[in-house]
Amino acid sequence: MQTEWVWGLAGGLLIGLGAAVYLLGNGRIMGASGILGGMVDKSERSFERLSFLVGLIAMPLLLRPLLSPTPETNLTGNFTVVIIAGVLVGLGTRIANGCTSGHGVCGISRFSLRGIIATIIYITAGGVTLALMRHIWGLI
Amino acid sequence: MRALLSLLAGALFGAGLLISGMTDTTKVQGWLDVFGAWDPTLAFVMGGAILPMLVAWRLTSGRTPIAGGQFPTKAAPELDRRLILGSVSFGMGWGLAGLCPGPAIASVTYGGFGGVVFLLAMIAGMCAAPALGAQLDRAAKAA
């Protein structure tokens with residue numbers, strides 16, 4: 001569909017607005033992996049973080065029935081791939097101290113060298129992994 | 001106050017992820033798949049998200065956060081093995097499934113059983129990260 005980039009841009013602006021509220025309001029960097037990671041490894045638990053996660057889960061739940069066509073995740077049904085991918089994402093984002101939101105959105109907009117380098121690395125690693133697994137080995 | 005602002009930020013983030021199509025793994029993999037039917041949407045999402053943040057970072061200078069405290073200081077521009085190896089691991093998982101942490105959390109109510117399994121596996125990885133990170137630091141010191 002040709003209007004997809006408009007939705008992409010509009011959604012992106014909302015994501016950036018959320019990050020701006022979190023930064024200017026609470027003085028924190030909106031990083032999904034850091035917020036969830038700190039909660040689950042008990043390094044930084046707070047009501048503020050829990051509240052962020054509630055908003056992040058509740059809003060798509062409320063908004064989704066209003067959209068047409070209804071957005072789906074279309075996640076692969078291969079559970080081996082799902083589990084390996086999940087572990088790699090969880091490990092990697094916490095060791096690198098950031099993901100697409102923290103290093104990508106918040107880091108690049110601050111001209112942070114670490115954010116820019118991390119983003120180049122994870123996009124490249126993702127592209128190479130997908131090329132190998134899908135086009136060379138035909139595994140996914 | 002802090003909790004309310006967090007709730008608002010999370011809700012905006014969730015709305016943006018949903019309408020931009022970033023909780024759809026085929027769109028994310030479409031962006032990463034340069035040898036397939038390449039999908040540029042993610043670039044528009046990233047660009048759109050960076051714009052308000054360019055303004056927000058400018059507004060931080062000479063001010064303090066609305067809810068009190070201090071703005072985060074900029075980390076030293078250090079490229080250590082944590083940043084590099086961690087980002088490689090993250091990218092590999094992202095390419096495999098098409099989910100990164102934000103969308104994985106945002107889509108948990110409608111991503112089916114697979115979505116829940118991904119989130120649990122991601123949490124397991126997050127819990128294992130501090131120990132593995134410490135191992136990396138020891139290896140770096142020994143080298």
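In this predicted model, helix α5 (residues 100–108) of chain A and helix α6 (residues 113–136) of chain A have axes that come within 8 Å and cross at roughly 130 degrees. Helices here are DSSP runs of H or I with at least four residues, numbered from the N terminus; axes are lines fitted to C-alpha atoms over the stretch in contact, with angles from 0 to 180 degrees between N-to-C directions. The angle makes α5(A) oblique to α6(A), since oblique covers what is left after under 35 degrees (roughly parallel), over 145 (roughly antiparallel) and 65 to 115 (roughly perpendicular).

Contact means heavy atoms within 4.5 Å. On the α5(A) side T100(A), H103(A), G104(A), G107(A) and I108(A) take part, meeting R114(A), G115(A), I116(A), A118(A), T119(A) and Y122(A) of α6(A). By class, this contact has four nonpolar, six polar and one charged residues.

The largest pocket has a volume of about 650 Å³. A pocket is an open set of points on a 1 Å grid over the protein atoms alone, where a 1.4 Å probe fits, with protein on both sides within 12 Å along at least five of seven lines; lining residues have an atom within 4 Å of a point. Of its 30 lining residues, I29(A), N97(A), G98(A), G102(A) and H103(A) are the closest to the centre. Helix α2(A) gives the most to the lining, with five residues.

Residues are numbered from 1 along each chain as written. Local features need pLDDT of at least 70, and side-chain atom pairs count only at pLDDT 80 or more, whereas totals for linings use all residues.

Definitions and conventions:
Chains lettered and ligands numbered in written order. Heavy atoms only, no water. Helix = DSSP H or I, 4+ residues; strand = E, 2+ residues; numbered from the N terminus. Nonpolar A, V, L, I, M, F, W, Y, C, P; charged D, E, K, R; others polar. Points joined across faces, edges and corners; volume = space filled by probe spheres on them.
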